[in-house]
Amino acid sequence: MILLTTDTIPGKEYSVIGLVKGSTIQSKNAIKDMGQSFKTIVGGELKSYTKMMSEARDIATERMVAEAESLGADAVIGFRYNSASIMQGAAEIMAYGTAIKFQ
């Protein structure tokens, strides 16, 4: 599956299938969350949250690709991520774009 952030592919003919998306909501466990809370006092990277968000992007992307493949798509253009805080310590990551089929 080809994933592109551009909205078009110059020189290629394709038809638009439509919007595809994948999402996940992730949180850290309470014990690790307390440890990260102390880190905000002294500053620095919250490594467990960085890892959590990276894993969440991977899951959301896999789900979007699975939806695109189920529709017979060859690629997804206009690929983007969106994130939103759901509650303290939990975030939703959404991957979305436009599924296309090459001519």
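This is a predicted model: local features need pLDDT of at least 70, side-chain atom pairs count only at pLDDT 80 or more; totals for chains, interfaces and linings use all residues.
Residues are numbered from 1 along each chain as its sequence is written, and side-chain values use heavy atoms, with hydrogens and water left out.

Threonine 24 lies in strand β2, residues 14–27. Helices (H or I, at least four residues) and strands (E, at least two) are DSSP runs, numbered from the N terminus. Threonine 24 counts as buried because its relative accessibility is 7%. Buried means under 20% relative accessible area, exposed over 50%, and partly exposed in between (1.4 Å probe, protein chains only). Leaving aside neighbours within four places in sequence, threonine 24 is in contact (heavy atoms within 4.5 Å) with Ala56, Ile59, Ala60, Arg63, Ala91, Glu92 and Ile93.

Isoleucine 25 is also placed in strand β2. At 52% relative accessibility, isoleucine 25 counts as exposed.

## Helix α2

Helix α2 covers residues 47–70, and threonine 61 lies in it. The helix has 24 residues, so at 1.5 Å a residue it should span 34 Å; its end C-alpha atoms are 35 Å apart, which agrees. The expected span is 1.5 Å times one less than the number of residues. After α2 comes glycine 72, whose phi is positive, near 85°.

The buried residues of α2 include Met52, Met53, Ala56, Ala60 and Thr61. An α-helix has 3.6 residues a turn, so residues three or four places apart point the same way. Threonine 61 counts as buried because its relative accessibility is 13%. Beyond its neighbours within four places in sequence, threonine 61 is in contact with Leu3, Phe79, Tyr81 and Ala95.

## The whole chain

The protein chain has two helices and four strands. From the N terminus on, its elements run β-β-α-α-β-β. Of its 103 residues, 29% count as buried. Among contacts in the chain with a separation of 6 or more, 73% join residues 24 or more positions apart.
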